[in-house]
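Here is a short briefing on selected helices and their contacts. Look over the structure first, then read the points below.

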Amino acid sequence: MNIVVKIDILIFSIILLGFLLGYYVINAPQKTPAKKMFIVIIVTLMLNTTLAALACVPNGIDEPWAISMNKWVNSLLLAFTYLPVAAWLAYIDHKIFNNFDNIKKRSMIYLIPFFVAVILVAINSAAGFMFTIEPGNVYTRQFGVVIAAVIMYLMLIALLYVSQRLKARINTKHLKVVFLFMLFPIITSIVQVLFTGVNFLWPAFAFATFMAFLLLEKDAMLKDSLTKLNTRVALEARVKLKLRRHEPFSLIMIDLDDFKLINDTFGHRIGDDALMVVASILEDSVKRTDMVCRYGGDEFLILVESPRATAAMYIKDRIESRLSAFNKKKVKSYNLAMSFGLKFYNKSNVHIKQLLSEVDQLMYADKENNRKAAAARTFFAHRDRS
């Protein structure tokens, strides 16, 4: 490939990452673990992409300065190659498991390919294990490059395997998104290892990072900080749009039963965990076009986009089925129960406050029925024991 084309693609990637970094630093929520990791990803990618661009300059120029530059730039590039990979693995871990404390414990594991690459680069000048500079100042890659790459692939496969085994307890939507966009740089890196001269790895990483920003981070700026669901403001704006367009839809108001008991018994941290579990169940139960929001506290609201009046009931049935499966597995120290308020709307002359009030009243009526049913079960169980 022509050196000018190589550098042009890399410079474009640097500009894209620089724009992304500036926008993200200014607009993203402050001091969140996801923000820190995403910034590390962007900065390390910019570093490696810059080194990749510089490595294109001296290759083939048989001058002392060019030979020295070729050696040092490629040494730094190979040593730092796995820093953004480690940051990506930590980011994937955070997105699907949502536990920053565990990431701190696993950080040294994610850095293993980086440490291996640094060691191999350090002994390269004596052994020529990673690369050699051939006569005419031609950079030639050696077999040692494959070792760190294989370790990285094995770690990614292990993370995917663990995610699949624990998918009942994680955010499956984020799992699908992050692994989908990691496929592009993974495939590109394999091609780059197999074929010398191919240099699309860093643009591929830049593209994957940009798409992750659009689908996860940019979206997260407008979402609830705990559950990562849409905010009440975002959902109400969508409902208002449906009303202006005279489009039929359904609303489902959901409230957790006895949520205060979970907080009082196990603590607020476990209560937060319960809210995240509920968020995952709700998102897995709706279509992609539907909208789930955390309405406030332990209340959730779903906008069902379907024009069919029965669609909300089908979604309610799916939620209850997943809720029952979760409770039967006993993967947590608590059980979950919900009350529902459902209503189909096919009017254009109604105000959003009226809609929310109606569905809220239906939900509280269901909660009262659930409370009475639970009290009756307790009474008869006590009577039978007596």
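At what angle do helix 12 and helix 13 pack, and how far apart are their axes? The model is predicted. In it, helix 12 (residues 259-266) packs against helix 13 at an angle of about 140 degrees. Their axes are 7 Å apart.

**Helix 12 with helix 13**
- Helix 12 contributes Phe-259, Ile-262, Asn-263 and Phe-266 to the contact.
- Helix 13 meets them with His-268, Ile-270, Gly-271, Ala-274 and Leu-275.
- By class, the residues of this contact are six nonpolar, three polar and no charged.

**Helix 13 by itself**
- Helix 13 covers residues 268-285, which is 18 residues.
- At 1.5 Å a residue it should span 26 Å, and its end C-alpha atoms are 26 Å apart, so the two agree.
- Its buried residues include Gly-271, Ala-274 and Leu-275, and these three also take part in the contact with helix 12.
- Asp-273 and Glu-283 are also among the buried residues of helix 13.

**Helix 3**
- Helix 3 has 17 residues, 64-80.
- Buried here are Ala-66, Asn-70, Val-73, Asn-74, Ser-75, Leu-77, Leu-78 and Ala-79.

**Asn-124**
- Asn-124 lies in helix 7 (residues 124-127).
- Its relative accessibility is 6%, so Asn-124 counts as buried.
- Beyond neighbours within four places in sequence, Asn-124 contacts Phe-129, Met-130 and Phe-131.

Notes. Residues numbered from 1 in each chain as written. Predicted model: local features only at pLDDT ≥ 70, side-chain atom pairs only at ≥ 80, totals over all residues. Heavy atoms only, no water. Helix = DSSP H or I, 4+ residues; strand = E, 2+ residues; numbered from the N terminus. Expected span 1.5 Å × (residues − 1). Buried < 20%, exposed > 50% of the residue type's maximum accessible area, 1.4 Å probe, protein only. Contact = heavy atoms within 4.5 Å. Axes fitted to C-alpha atoms, helices over the stretch in contact; angles between N-to-C directions. Nonpolar A, V, L, I, M, F, W, Y, C, P; charged D, E, K, R; others polar.
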